[in-house]
Amino acid sequence: MDKFMNSSWFTKIVALALTVLLFTSVNFTPGTGKKSLGFNTPGETGTETIKNVPVEVYYDRDNLVVTGAPKSVGVTLKGVKSLLISAKNQREFKVYIDLSDPEIAMGEKKVPLKIRDINEKLTASVNPEYTTVKIQEKVTKEFSVDPEYNRSLIEDGYTADKPAVSPQTVKITGAKDIIDQIAYVKATMALSGRVNETVHRQAMVRALDRDLNKLNVSIEPSVVDVSLNVNIPSKTVKLVPVQTGTPKDTVSIKSMAVFPKNVTLYGKQSVLDSIHGVSVPVDVSNIDNSKEVELPITVPDGVKKMSLGTATVKIQTEKVQPADKKTAETEKKPPEKQDEQTKSPDTSAQTKVFKNLDIASSGLADDEDLTFKSPKGGKIDLTLSGTADDLQKVEPDDIQITVDATGLEEGEHDTVIQVKVPANIKWELPVKTATVSITKKDKET
């Protein structure tokens with residue numbers, strides 16, 4: 001057996017068999033006629049239609065733009081079947097439109113579709129045979145890019161500046177009549193979810209007509225960098241310590257000071273405009289002596305965030321005898337406490353009203369002026385209550401009505417009105433606070 005496989009006759013038989021198989025694979029076609037073996041006889045002709053053949057357009061691409069040419073066409077081939085099958089499978093032929101003549105005129109032209117690189121023994125026809133193209137001058141023009149974004153995605157209370165784009169201009173190339181249609185050049189920043197911080201994105205550039213239809217042009221660069229600066233309005237206001245609770249009988253609260261003096265609030269501008277200070281409640285019920293305490297600051301309604309979460313309050317006290325304290329509390333008692341006492345006055349108590357008393361100010365810097373927004377003109381009525389003998393002795397000079405402007409910055413502020421009257425006299429004001437405006441004095445020239 002080995003001797004037979006190594007013989008030249010065995011090699012020749014195998015080569016012949018492979019040749020027959022190759023011929024059969026190329027020429028075999030199923031049929032119902034009397035050609036029972038289904039072989040194509042040499043010289044048999046046929047027709048093949050090839051669809052979606054790409055069309056190449058030859059023209060001066062540096063200076064011209066051609067539109068209207070079909071992207072693909074159908075080609076019908078006729079000839080010997082073996083050649084048809086080879087041409088169909090290999091597709092070495094090309095369909096083209098030749099506009100390479102430098103003398104070609106602008107405008108619409110009816111031009112033939114041609115075919116090349118086809119076997120000369122085959123005939124070919126293109127469908128359609130002719131097409132109409134438009135030849136125009138290629139134009140390059142520079143345009144400014146308008147960056148845009150979805151404003152509804154900015155988180156409530158935050159504001160966004162006009163987006164910045166880099167580069168600010170792009171070069172757009174296309175047919176002259178298309179370039180003339182450009183009305184907008186947009187770069188839309190894609191945002192996902194609610195935005196409350198500055199963002200940077202890359203955005204595709206689009207050329208649009210007046211109806212916002214995208215135009216078929218070449219843009220360089222086609223992608224730009226867009227930055228959106230997102231921030232939140234802020235306002236710095238004074239921290240105001242507010243005494244709560246009742247100190248012990250042997251302790252008198254001389255003063256309270258808060259550090260730092262100011263806090264920065266962040267939120268909607270309309271909310272910030274209505275806030276002139278933030279109260280820090282200080283419970284003095286268990287205070288025995290002077291001390292410093294760290295207290296939380298409550299975020300006002302509508303404010304998104306604050307620069308501080310806590311503040312330090314320095315409390316100054318002094319030891320007093322219970323009888324002395326009663327007199328001191330009478331002088332310092334806030335209006336709401338006085339209201340509680342006047343609900344059940346002694347049957348012998350009487351009242352006396354002083355009209356249009358001036359409200360003085362303290363703690364004002366030398367280069368500052370203070371004006372009253374309310375009460376108007378810095379004048380207020382004061383109602384005193386006590387025995388007839390005590391009231392008769394009270395004169396306007398015995399009454400001190402003040403607001404403390406210590407640490408107040410320029411702008412409007414709400415401040416507590418403080419009242420000092422003789423001992424054993426109770427007092428009542430129509431309002432508890434005054435609105436004042438702090439301004440800098442004009443420098444003398």
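Visitor: Why is R116 called partly exposed?

Guide: Buried means under 20% relative accessible area, exposed means over 50%, and partly exposed lies in between (1.4 Å probe, protein chains only). R116 has 31% relative accessibility, so R116 counts as partly exposed. This is a predicted model: local features need pLDDT of at least 70, side-chain atom pairs count only at pLDDT 80 or more, and totals for chains, interfaces and linings use all residues. Residues are numbered from 1 along each chain as its sequence is written, and side-chain values use heavy atoms, with hydrogens and water left out.

Visitor: What makes R116 and E56 a salt bridge?

Guide: The rule asks for a side-chain nitrogen of Lys or Arg within 4 Å of a carboxyl oxygen of Asp or Glu. R116 and E56 meet at 4.0 Å, N to O. The pair links distant parts of the chain: R116 is in strand β6 (residues 114–116) and E56 in strand β1, 60 residues apart. Strands are DSSP runs (E, at least two residues), numbered from the N terminus. E56 has a relative accessible area of 30%, so E56 is partly exposed.

Visitor: Which residue meets R116 in a salt bridge at 2.6 Å?

Guide: That is D117. D117 is partly exposed, because its relative accessibility is 48%.

Visitor: How do you know that R116 sits over the ring of Y96?

Guide: A charge sits over a ring if NZ of Lys or CZ of Arg is within 6 Å of the ring centre and within 35 degrees of the ring normal. The charged end of R116 sits over the Y96 ring, 5.9 Å from its centre. K110 does likewise over the ring of Y130, at 5.4 Å.

Visitor: Why is the pair of Y58 and Y96 called tilted?

Guide: Rings of Phe, Tyr and Trp (its six-membered ring) pair if their centres lie within 6.5 Å; planes under 30 degrees apart count as stacked, over 60 as edge-to-face and the rest as tilted. Here the centres are 5.6 Å apart and the planes at 35°, so the pair is tilted. Y58 lies in strand β1 (residues 45–58) and Y96 in strand β4 (residues 94–98), so the pair ties together parts 38 residues apart in sequence.

Visitor: Is Y96 buried or exposed?

Guide: Y96 is buried, because its relative accessible area is 15%. Y58 is partly exposed, at 26%.

Visitor: Why is D358 called exposed?

Guide: D358 has 52% relative accessibility, so D358 counts as exposed. D358 also meets K379 in a salt bridge at 2.4 Å, N to O.

Notes:
Helices (H or I, at least four residues) and strands (E, at least two) are DSSP runs, numbered from the N terminus.
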